[in-house]
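I opened a notebook page for this chain and wrote down what I looked up, entry by entry.

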Amino acid sequence: MSDENKSPVPVTGPRIGDTRPAPQIGDTRPSSSSSSNGSAPSGQVGAANGARRRRGGRGRGGQGGQGGRPVANARPVEAPVEASAPDVGEGAGQRTRGRRRRGGERKTRAQGRYLMCVHTTKEATHIATLEGRSMVEYTVAKAADETLQIDGNIYVGRIQNVLPGMELAFVDIGIPKNAVLYRGDVTFDDDDVDGAPTNNKRIEEMIRAGQTIVCQVTKNAIGAKGARLTQEVSLPGRFAVLVPNSSTVGISKRLADGERRRLRKIIDEVKPQRHGVIIRTAAEGVSAEDLARDVASLAEKWDAIEAEVAKSNQPRLIYRDLDLAVRVLREELNDDYRGVLIDDRDLYEKVREYVLAVNPELADRIEYYDRSTEDLPLFERYFVHEQLHRALDRKVFLPSGGSLIIERTEALTVVDVNTGKNVGKTNLEETVFRNNLEAAEEVARQLRLRDIGGIIVIDFIDMESKANRDAVASALRQALSRDKTRTQVFDISELGLVEMTRKRVNEGLLESVSSVCTVCDGRGFVLSTGL
């Protein structure tokens with residue numbers, strides 16, 4: 001047989017000039033030479049496996065996760081497992097497998113779109129809602145505020161005077177400024193529920209001056225306007241709203257038709273004789289027993305309120321709604337929230353107790369953020385302060401280089417859309433259209449973040465194509481659909497203007513964290529004294 005037909009013999013020893021030590025048992029370093037027939041010594045096989053693991057990311061025991069990407073919220077392990085060095089012996093293999101099993105059983109943070117951060121100070125409680133990393137809502141609840149933050153409170157009020165020409169009455173509820181009661185005012189929106197009652201009587205036929213009534217605040221005092229009242233008191237719970245001394249029966253229109261039919265059958269079983277019931281959106285999928293328990297607790301609460309009313313006819317507060325932080329959770333907390341972080345121990349205990357009572361399966365998402373053990377304050381860790389400063393600026397930048405200018409006046413809010421540095425790539429119409437689409441999405445987010453209500457006019461950049469104008473209007477409506485506050489949007493006019501309204505319940509973000517300048521009286525400039 002010729003030499004060229006002979007199979008090459010793999011070299012197991014070191015080559016001439018190779019100064020590396022011979023591989024030891026368990027050594028995974030590659031040998032100095034590779035096999036010509038495709039086979040490799042055991043050390044090379046281990047090296048190849050280790051190289052593949054290194055290219056794909058760290059081993060399962062490390063913090064890198066699959067594909068080399070970091071695992072969100074992964075807890076650090078005591079000692080990382082070397083990906084390229086297998087343990088020697090059966091016991092080591094069992095230890096490795098045990099470590100991997102324990103790693104797979106780690107508890108991770110609940111998944112959800114939203115994270116709520118609650119920060120308390122001596123003056124107020126600040127609540128920031130984050131969607132991903134972006135802040136979408138910011139609420140300020142001032143501490144011990146008996147005149148401004150009174151939404152949801154129930155009072156004994158005395159009618160001061162009735163104005164038939166304005167179809168309203170002024171009511172003394174025991175605070176410095178009289179509240180306002182409009183004819184036919186109710187506590188729920190006609191657009192959200194079915195079966196809303198109507199009242200065609202004139203206001204002077206319904207109430208008279210000097211009369212004592214039980215009323216509830218539906219809107220806080222804003223500016224020079226007093227708080228808004230209703231005579232039809234309601235007590236909101238987790239799944240239902242009790243309307244005392246009423247025959248009102250309603251179901252949220254946001255529920256699917258099949259779910260509405262199921263709940264309508266349950267209403268007859270849980271509705272008290274003297275009171276009305278409105279089923280909320282949170283009741284989706286709730287059993288009849290849970291719904292009955294919620295309604296029964298609200299009925300007991302109303303009995304206690306009636307006993308308090310009977311004690312005296314003096315204008316005074318008889319029922320205070322929950323703290324704003326607890327109230328926000330009552331309205332919002334669901335599976336979409338991955339967590340609620342609270343940096344005050346007393347408020348944390350109160351919130352957790354409430355959630356355990358009404359929604360125990362979500363109680364583990366309420367977490368206490370200990371300021372003494374954390375490296376950064378809560379709002380700094382989640383970049384809330386940085387986003388708050390941007391939310392108070394009149395100019396908002398768009399991703400492609402455009403910008404928004406937001407100006408608030410007494411009558412309305414104006415939003416101006418500019419292209420700025422966005423020069424596009426194809427033609428003017430396409431550039432303007434893309435810029436307006438970005439602006440529509442950002443306008444909806446800013447209105448919700450800044451809690452801007454009332455009349456809003458958006459000045460989009462002029463577009464020649466009607467199809468483009470319709471697409472921008474549709475994008476704006478789609479973006480606003482994520483806002484729980486009711487809005488109404490009209491089509492883009494020939495001038496490129498969009499007129500819309502957003503229900504105003506509280507003062508805006510700017511007013512809640514600032515005060516009017518005493519020098520310029522909020523006008524932004526100082527008149528020359530020489531005039």
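**A pair of histidines**

I began with H119 and found that its bridge partner in strand 2 is H126. The model I am reading is a predicted one, so I keep that in mind throughout.

**Strand 2 and its neighbours**

Strand 1 covers residues 114–120, is joined to strand 2 by 7 bridges, and the two run antiparallel. I noted that they form a hairpin, with 3 residues between them.

I then turned to strand 3, residues 134–142. Here I found 8 bridges to strand 2, and again the strands run antiparallel.

Is strand 2 covered or open? I found strand 2, residues 124–131, mostly covered, with 7 of its 8 residues buried.

**Helix 6 against helix 7**

I reminded myself that two packed helices are described by the angle between their axes and the distance between the axes. For helix 6 (residues 324–332) and helix 7 (residues 345–358), I read that the axes come within 10 Å and cross at roughly 30°. Angles under 35 degrees count as roughly parallel, so helix 6 is roughly parallel to helix 7. I also noted that helix 6 passes helix 7 in a right-handed crossing. Which residues make the contact? On helix 6 I listed A325, V326, L329 and R330; on helix 7 I listed L347, K350, V351 and Y354.

**Q446**

I picked Q446 next, which lies in helix 10, residues 428–450. Why does Q446 count as buried? Its relative accessible area is 4%, and buried means under 20%. Leaving out residues up to four places away in sequence, I found that Q446 touches V396, I406 and D451.

**The whole chain**

Last, I looked up the totals. The secondary structure comes to 12 helices and 21 strands. Of the 531 residues, 38% count as buried. I read an accessible surface of about 31400 Å², with 50% of that surface belonging to carbon and sulfur atoms. Among contacts between residues at least 6 apart in sequence, 62% join residues at least 24 apart.

Notes
Residues are numbered from 1 along each chain as its sequence is written. This is a predicted model: local features need pLDDT of at least 70, side-chain atom pairs count only at pLDDT 80 or more; totals for chains, interfaces and linings use all residues. Side-chain values use heavy atoms; hydrogens and water are left out. Buried means under 20% relative accessible area, exposed over 50%, partly exposed in between (1.4 Å probe, protein chains only). Helices (H or I, at least four residues) and strands (E, at least two) are DSSP runs, numbered from the N terminus. Two strands pair if DSSP finds at least two bridges between them. Contact means heavy atoms within 4.5 Å. Accessible areas come from the Shrake-Rupley method with a 1.4 Å probe; for residues, only the protein chains shown count as cover. Axes are lines fitted to C-alpha atoms, for helices over the stretch in contact, and angles run from 0 to 180 degrees between N-to-C directions. Angles under 35 degrees count as roughly parallel, over 145 as roughly antiparallel, 65 to 115 as roughly perpendicular and the rest as oblique. A crossing is left-handed if the near helix is turned anticlockwise from the far one by less than a right angle, and right-handed if clockwise.
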